[in-house]
Amino acid sequence: MLHDRVLVRQDASEGERRSGGGILIPATAAVGKRLAWAEVVAVGQNVRTVEPGDRVLYDPEDRAEVEVRGVAYVLMRERDLHAVAADRFEGSEDSTGLYL
């Protein structure tokens, strides 16, 4: 990985999902702008905020997909990430484990 690039693997939850009330929402349903979670696989040498293994929140509209050995990944810049979820951010009782 070069510079400020982050390589992530998308969560498999891109199909059907359930609402808070238990209603099944099909994958073809139109949704407004919705952010997605992914797991960081690799980072460039200039990335300061995330590490491999972290979960990140990003906009699926702003992505570049790449396939490596038959596995689909998303390549993006560090500045395109909206939040980071990692165990290392859980330092106190009131911490959520999120870096926004």
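Where does Asp4 lie relative to strand E1 (5-10)? I located Asp4 in the segment before that strand; strands are DSSP runs of at least two residues, numbered from the N terminus.

I noted that the model is predicted, that local features need pLDDT of at least 70, that side-chain atom pairs count only at pLDDT 80 or more, and that totals for chains, interfaces and linings use all residues. Residues are numbered from 1 along each chain as its sequence is written, and side-chain values use heavy atoms, with hydrogens and water left out.

**Confidence.** I looked up pLDDT, the predictor's confidence in each residue, from 0 to 100. The chain has a mean of 80, and 75% of its residues reach 70 or more. Among the elements, E4 has the highest mean (92) and strand E9 (residues 98-99) the lowest (58). Where pLDDT is low, the predicted coordinates should not be read in detail.

**Asp4.** I found Asp4 buried at 18% relative accessible area (buried is under 20%, with a 1.4 Å probe and protein chains only). Beyond four places in sequence, Asp4 touches Asn46, Val47, Met76, Arg77 and Glu78 (contact: heavy atoms within 4.5 Å). The C-alpha atoms of Asp4 and Asn46 are 5.0 Å apart, although 42 residues separate them along the chain.

**Core.** I then turned to the largest nonpolar core, which has 13 residues; such a core is a set of buried Ala, Val, Leu, Ile, Met, Phe, Trp, Tyr and Cys residues joined through side-chain atoms within 4.5 Å. Val56 and Met76 are among the members that touch the most others. E4 gives the largest share, 3 residues. Beyond four places in sequence, the contacts of Val56 include Val8, Trp37 and Leu81.

Notes
Helices (H or I, at least four residues) and strands (E, at least two) are DSSP runs, numbered from the N terminus. Buried means under 20% relative accessible area, exposed over 50%, partly exposed in between (1.4 Å probe, protein chains only).
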